[in-house]
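Hi,

Here is the structure I said I would pass on.

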Amino acid sequence: MATIKDVALKADVSVTTVSHVVNDTRHVSAKVRERVELAIRELGYVPNAMARSLKSNTTSTLGMLIPNSSNPYFAEIVRIVEDRCFGAGYTLVLCNTDDEPHRQSVYLKVLAERRIDGLIVVSTGAGTADDDSLAKQLHGLRVPTVLVDREIDDPACDLVETAHMQGGLLAVRHLLSLGHKRIACIGGPAGVMPSEQRIEGWRMALAETGATPDIANANALLWRGGFTSQGGYEAMHAILRTEQKPSAVFVCNDLMAIGALRAAHESGVRVPDELSIVGFDDIELSAYTSPPLTTVAQPKERIGALAVDMLLERVGGKRRDARKVVLQPELRVRASTARHASFREPAAPLATETPATQTRKSRTP
């Protein structure tokens, strides 16, 4: 492998001159620069990234922590982030914490040793104590940080997330508009903020219809699926074993909804004829389930792009104050939802007679 000394010999310049060309740290004449760059290409010289980072105090490397690499939602976000980083000349180091706070802590130490320029974090969301620990670690890293999807109490971090509660409202209002009254909910892990906010949207939408026995006992219709397809599958089987089965289910992510669809199929329950299902996230697979899944779409393209752009603003010194961006979700109506059997169109208002009509009638002999 060629060294910087080999390049200097071939270009007939000093090692210092090669270093200035590679790192762009001092003016070098066009003729000399051309000789050095030609030597680099011919020898296949690759500069030592660590040595360059020590001189410039930057590494052109960003870190990213995600809680579950097997969840398609996070995989799609990572792809967007990585594309954006590559286009900006940065390398992305990805770490999967598997929703384990200890693993998250270890990876943060590893990233600190790699001297990353900035960090994007989707936290484990395991609880308040773990959030406090994460906030302390991030403060200790002293690198610009953007939180995605899951907020923690750290005023120094930027944040990009979806209005999760609004998404829950959209999903359940859609089901209510189709005449469904008994609507169950399959939530994610207890204490994970996006799940809790989506569940709160479900509760609020039910409350908007007025105080009924179903709404008063809404918690009896709440199940947990752990944000996994297996969890959604098991929760739906449990729901279908209850005496008073719901006519619709709001599932707090698409992965659980896919498991729920399978459970309904195994139980001989037809979707959407006998049971309507709405998911959350709009992962790519949701359009290819059977039937295609009605879901609440998170704006993943904007989330990923904003996370990188906001981070690079801080890395480049263009902004110092933390910024919080909350994006609005959208409902994607597909074939997994339908009108309840008892649904009735609102009656059309009766035609009223105009004064002119009354006058014409009074003149009729």
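How many bridges join strand β6 to β7? There are 3, and the two strands run parallel, with β6 covering residues 183-187.

Before the rest, some housekeeping. This is a predicted model, where local features need pLDDT of at least 70, side-chain atom pairs count only at pLDDT 80 or more, and totals for chains, interfaces and linings use all residues. Residues are numbered from 1 along each chain as its sequence is written, and side-chain values use heavy atoms, with hydrogens and water left out.

Now the sheet those strands belong to. It is open, has 6 strands in the order β7-β6-β8-β9-β10-β12, and its pairing is mixed (strands are DSSP runs of E, at least two residues, and helices of H or I, at least four, numbered from the N terminus; two strands pair if DSSP finds at least two bridges between them). β7 (222-224) and β12 (330-332) are at the edges with a single partner strand each, so one side of each has no neighbour in the sheet. On average, neighbouring strands are turned by 20° against each other, direction ignored (axes are lines fitted to C-alpha atoms, for helices over the stretch in contact; angles run from 0 to 180 degrees between N-to-C directions).

Two helices pack on this sheet. α8 (residues 164-177) touches β6, β8, β9, β10 and β12, its direction making about 160° with that of β9 (contact means heavy atoms within 4.5 Å). α9 (residues 193-207) touches β6, β7, β8 and β9, at about 170° to the direction of β6.

Cheers
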